[in-house]
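I opened this notebook to keep track of what I looked up, one topic at a time, beginning with the sequence and structure shown here.

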Amino acid sequence: MVKSDPLKMLMKAIREEVVVKLKDGKSCRGILEKCDQCMNLLLNDAEEVNENEGPVTKYGKVLIRGSNILYVKLKE
């Protein structure tokens, strides 16, 4: 079994599209610009998305605090 470091995976995903699922049940999609050791994320072209309906609200640039993140889905 290979052990992976989530922060290393996030660093490799910079300038890639990610989907961030928040603990409150919302999802946000955007281009990952920066991340830090606390898993705080800065996204460009961010938008709240609903899995069934597509984009809900466009935000532009957002900072998502790591403590609010349930998971991050990287582009395959």
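Leaving aside neighbours within four places in sequence, which residues is I64 in contact with? I noted first that this is a predicted model, and then I listed the contacts of I64 as V20, L22, C28, M39, N40, L41, L43 and I69.

Entry on the core. I looked up the largest nonpolar core and found that it has 14 residues, with V20, L32, L41, L43 and I64 having the most contacts inside it. The elements that give two or more residues to this core are β1 (17-22), β2, β3 and β4 (54-64).

Entry on the strands. I then turned to β2, which spans residues 27-35 and pairs with β3 in the antiparallel sense over seven bridges; for I31, I found that the bridge partner in β3 is N44. Five residues lie between the strands of this hairpin, and there M39 takes a positive phi near 65°. For β3 itself, residues 41-50, I recorded a mostly covered strand, as seven of its 10 residues are buried.

Entry on the cysteines. How many disulfides does the structure hold? I found zero, and for C35 I could note why: the closest cysteine sulfur, in C38, is 11 Å from the sulfur of C35, which is too far for a bond. C38 is likewise in no disulfide, its nearest cysteine sulfur being that of C35.

Notes. Residues are numbered from 1 along each chain as its sequence is written. This is a predicted model: local features need pLDDT of at least 70, side-chain atom pairs count only at pLDDT 80 or more; totals for chains, interfaces and linings use all residues. Side-chain values use heavy atoms; hydrogens and water are left out. A disulfide is a pair of cysteine sulfur atoms within 2.5 Å. Buried means under 20% relative accessible area, exposed over 50%, partly exposed in between (1.4 Å probe, protein chains only). Helices (H or I, at least four residues) and strands (E, at least two) are DSSP runs, numbered from the N terminus. Two strands pair if DSSP finds at least two bridges between them. A nonpolar core is a set of buried Ala, Val, Leu, Ile, Met, Phe, Trp, Tyr and Cys residues joined through side-chain atoms within 4.5 Å. Contact means heavy atoms within 4.5 Å.
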